[in-house]
Amino acid sequence: MSFFMKSSSRSVHEERRWSAELPTTQSDLCMSLTVWRKSLVMSCNGFTVINSDGNVVYRVKTYIGQRPKELVLMDGVGNSILTMRRNKNLRLLDTWFIYGGEIGAHCISTKRSEKQPIFYVKKCINILHNNPNVLAYVYRGRSSDEKYVYMIEGSYSHRSCKVVNEAKKVVAEIKRKDAIIGGVSFGVEVFMLIVEAGFDPGLAMALVLLLDQMFS
């Protein structure tokens with residue numbers, strides 16, 4: 001835990017440009033990332049994601065309110081990678097659109113100018129499904145009418161989740177980081193995100209953010 005505290009302290013006193021060399025499409029290798037449920041900016045909430053070399057590769061700087069309407073995933077130097085926007089339909093419980101890059105208010109003003117989402121993520125209501133382990137479904141585009149492309153199962157509160165594709169192959173996994181340093185346990189605030197080869201690590205982290213909104 002001392003490593004994370006030192007990183008946080010440095011970020012407050014200086015503008016450090018972290019290298020972020022993660023690909024924006026698909027990775028050729030399995031990737032192991034450490035996710036810290038804390039922003040490096042002391043006055044903000046958020047997430048900080050560190051790779052095996054100790055570099056910050058993803059971050060979420062702040063949440064606005066308890067149920068934010070929008071989340072932005074950034075790379076290590078602050079460039080927007082993905083934007084997650086809550087569905088306005090109040091009848092749908094915890095459903096989100098995922099867009100590439102950053103989107104502005106003008107993108108939702110008219111249908112003609114609207115930027116199309118890449119994915120649609122819907123929280124699973126267990127009483128309506130046979131499998132109680134399913135947490136959420138991920139669909140292409142903006143509709144859940146078609147068959148899902150990814151399913152998330154497990155327990156986010158225990159930091160034990162798997163993202164599987166239509167063929168039931170695990171493409172990403174959330175695991176506890178079971179270690180104690182200096183007498184302080186990592187607990188659930190620091191955990192591992194394992195991303196298999198061929199799956200976009202940015203999308204995997206976006207799904208972590210949405211699970212945190214749905215189940216925290």
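**Salt bridges and cysteines in a predicted model**

Let's start with Arg 86. It is buried, with a relative accessible area of 13%; buried means under 20%, exposed over 50% and partly exposed in between, using a 1.4 Å probe and protein chains only. Its partner is Asp 94, and the closest N and O atoms of this salt bridge are 2.8 Å apart. For us, a salt bridge is a side-chain nitrogen of Lys or Arg within 4 Å of a carboxyl oxygen of Asp or Glu. Asp 94 is buried too, at 5%.

A word on the source. This is a predicted model, where local features need pLDDT of at least 70, side-chain atom pairs count only at pLDDT 80 or more, and totals for chains, interfaces and linings use all residues. Residues are numbered from 1 along each chain as its sequence is written, and side-chain values use heavy atoms, without hydrogens or water.

How many salt bridges does the structure hold? There are 4. One of them joins Asp 212 to Arg 37, at 2.7 Å from N to O. Asp 212 lies in helix α2, Arg 37 in the loop between β1 and β2, 175 residues apart. Helices (H or I, at least four residues) and strands (E, at least two) are DSSP runs, numbered from the N terminus. Asp 212 is buried at 4%; Arg 37 is partly exposed at 28%. Arg 37, Glu 189 and Asp 212 form a network of salt bridges.

Next, Glu 70 and Arg 85, at 2.3 Å. This pair links strands β4 and β5, 15 residues apart.

Last, cysteines. Cys 124 is buried at 5%, Cys 161 at 2%. Disulfides, meaning cysteine sulfur pairs within 2.5 Å, number 0.
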